[in-house]
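Hi,

Here is the structure I promised to pass along.

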Amino acid sequence: MATPLSDPSQSPLQTVAVVGLGTMGTGIAEVLAKAGRTVIGIDISEAQAAKCVATLEASTARGVERGRLTEQERAGILGRVRTSADLRTAADADLVIEVAPESYEVKQQIFRELDGIVRPETILATGTNALSVTRLAAESSRPERVLGLHFFNPAPAMKLVEVVSSVLTAPAAVTAVTDLALDLGKEPVAVGDRPGFVADGLLFGYLNQAAAMYEAKYASREDIDAAMRLGCGLPMGPLALLDLIGVDTARTVLDAMYTESRDRLHAPAPILKQLSEAGLTGRKAGRGFYTYEAPGSAVVVRDALTPPEGGDLAAGREIRSVGVAGSGTMASGIAEVFAKAGYEVVLAARSAEKAQTAKARIGKSLSRSVDKGRMTAEAAAETLDRITATGTYDDFAGVDLALEAVAEDLEVKRQLFAALDKVCKPGAILATTTSSLPVVACARATSRPQDVIGMHFFNPAPAMKLVEVVRTVLTADDVHATVREVCGRIRKHPVDCGDRAGFIVNALLFPYLNNAIKMVQEHYATLDDIDAAMKLGGGYPMGPFELLDVVGLDVSLAIEKVLHREFRDPGLAPAPLLEHLVAAGCLGRKTGRGFREYAKR
């Protein structure tokens with residue numbers, strides 16, 4: 001049952017005008033009314049105002065059906081909202097939140113008119129996420145009462161609110177609005193005035209990179225989106241998210257970000273301009289990166305770019321047995337995955353002892369699965385019996401697929417591939433699980449580069465569904481087809497990508513992490529605020545600094561360096577703060593200190 005989180009009569013901001021009753025304005029009005037505020041909804045379109053009321057009626061009716069509201073509470077919420085097409089009805093408001101289109105001209109006109117309507121003590125808030133709050137404040141006769149109040153869509157569900165101060169904003173105004181956000185059950189994050197603020201400042205750079213990756217035909221839209229959902233645990237892929245946000249909106253935000261930063265990573269990908277100018281702005285238009293059932297629909301329908309059902313692959317090779325080289329967590333995880341799927345597995349390490357230790361780790365993992373009811377004790381025993389631990393790669397002589405999961409060092413991998421080339425039978429497929437090194441360099445260490453491919457599993461391999469399948473310019477079609485088929489048999493989702501640094505996931509993930517570090521380095525926001533913003537505003541399972549400390553700062557720095565070396569983009573240069581922490585031995589959770597400190601285990 002929804003009730004106001006605190007007594008609204010104790011707040012100085014009792015009456016709130018919301019200017020602009022689109023999706024965001026309607027959502028904000030609902031949040032305010034549910035928290036006991038009197039809401040004046042204003043829109044120049046009477047049809048839009050009527051749509052707002054209808055939306056509120058439908059939303060609160062669903063609340064009653066689901067037992068979250070009583071009929072009396074619903075009547076109270078609806079009774080606290082009135083709509084108008086006249087800006088002068090904001091005269092009694094203690095706070096005005098404008099959520100008009102992202103245009104300086106439109107917003108400045110609203111602020112100029114409000115100056116002559118509202119009381120001197122009224123706070124004026126802009127809902128922009130792309131325009132300068134300072135520039136909007138400067139147009140007002142009361143710049144100290146102007147600030148940014150950036151809600152996230154859908155406003156009733158999303159917890160994050162960014163409270164944006166300009167150099168002109170009075171602290172009392174910030175305090176009043178922050179207190180209101182808390183009363184609304186939101187988590188306010190205080191930020192300074194720059195395009196995108198925290199959440200969108202990080203999010204839109206990542207979305208732009210994804211659009212550029214798709215435009216370059218490096219990977220399909222489906223594979224890019226699946227990679228980021230399955231590899232990073234994100235609720236939506238970047239291209240689907242661009243369609244939801246609006247391709248035109250994304251282009252506006254990126255333009256504003258690039259104007260300020262001059263970072264090429266923020267320069268809107270040309271495809272965003274092409275789609276925008278063609279009217280293909282995403283879900284609202286019925287077509288963007290994807291095609292939808294109808295304008296405004298979330299249902300994706302097939303179009304000319306949709307992959308054919310069942311794929312279009314060459315005939316593959318038969319895979320009955322698999323060799324896994326390595327003794328670490330990734331090697332044992334991959335061996336477990338193949339054994340569970342019924343393959344005979346040879347697990348080889350530099351010594352028989354290391355191989356047995358890795359097999360014992362698999363045994364413990366299988367026991368946990370039995371304890372949790374995910375498999376029977378008999379199935380676990382059969383799975384473990386399929387794994388032969390050995391201290392020599394000579395035992396790979398009969399395998400059909402050999403995967404290496406050794407140290408992320410090109411020379412080490414090249415030596416291993418040269419050894420596998422001598423040991424493995426003709427026609428055996430040789431795969432590397434590298435996350436950042438060139439697959440073709442491993443292939444050239446053999447006499448059969450056509451049989452070499454990348455299979456980038458994600459950690460922990462038994463749990464993570466994604467495998468990036470990395471073809472080189474030399475990889476044979478039947479090798480690619482075989483590996484994709486094998487991924488299906490081991491219940492993994494394969495995505496295709498070319499042999500370049502970072503593949504899909506790391507090429508999109510690590511520039512985002514690097515940009516988060518730069519925000520802290522520049523004292524724009526705190527670690528805690530950035531982590532909170534991305535979890536609450538972007539739906540990320542972990543904040544960037546939580547993730548960096550888990551991955552390891554040394555590993556993160558190595559990947560950043562590889563990306564910078566490959567693409568030569570100054571925006572990809574590792575943040576100096578990351579380099580300093582690594583130099584100081586602060587590598588994350590594994591050393592007890594990274595961006596944060598951790599209790600000793």
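**What turned up**

Let me start towards the end of the chain: helix 19 and helix 20 are roughly perpendicular to each other, because their angle of about 100° falls in the 65 to 115 degree range that counts as such. Helix 19 covers residues 527-538 and helix 20 covers residues 544-551, and their axes run 7 Å apart. On the helix 19 side, the contact is made by L527, I530, D531, M534 and K535, while helix 20 brings in P544, F545 and E546. Sorted by class, that gives 5 nonpolar and 3 charged residues, with no polar ones.

Before you go further, bear in mind that this is a predicted model. The average pLDDT is 94 for the protein, and 97% of the residues score at least 70.

Next, helix 1. It takes in residues 23-34, 12 residues in total, and reaches 17 Å from its first C-alpha to its last, close to the 16 Å expected. How enclosed is helix 1 by the rest of the structure? Largely so, because 9 of its 12 residues are buried. The buried ones are G25, T26, G27, I28, A29, E30, V31, L32 and A33. After helix 1 comes G36, which has a positive phi, near 90°.

I also looked at two single positions.

- **G571** sits in the loop between helix 21 (553-567) and helix 22 (576-583). Is G571 buried or exposed? With a relative accessibility of 8%, G571 counts as buried, because the cut-off is under 20%. Leaving out residues up to four places away in sequence, G571 touches D263, L265, N514 and K518.

- **T134** belongs to helix 5 (residues 133-138). Its relative accessibility is 25%, so T134 counts as partly exposed. Again leaving out residues up to four places away in sequence, T134 touches S166, V167 and D193. The C-alpha atoms of T134 and G148 are separated by 9.2 Å, and the two residues are 14 apart along the chain.

That's the lot from my side.

Cheers

Definitions and conventions. Residues numbered from 1 in each chain as written. Predicted model: local features only at pLDDT ≥ 70, side-chain atom pairs only at ≥ 80, totals over all residues. Heavy atoms only, no water. Helix = DSSP H or I, 4+ residues; strand = E, 2+ residues; numbered from the N terminus. Expected span 1.5 Å × (residues − 1). Buried < 20%, exposed > 50% of the residue type's maximum accessible area, 1.4 Å probe, protein only. Axes fitted to C-alpha atoms, helices over the stretch in contact; angles between N-to-C directions. Parallel < 35°, antiparallel > 145°, perpendicular 65-115°, else oblique. Contact = heavy atoms within 4.5 Å. Nonpolar A, V, L, I, M, F, W, Y, C, P; charged D, E, K, R; others polar. pLDDT = per-residue confidence, 0-100.
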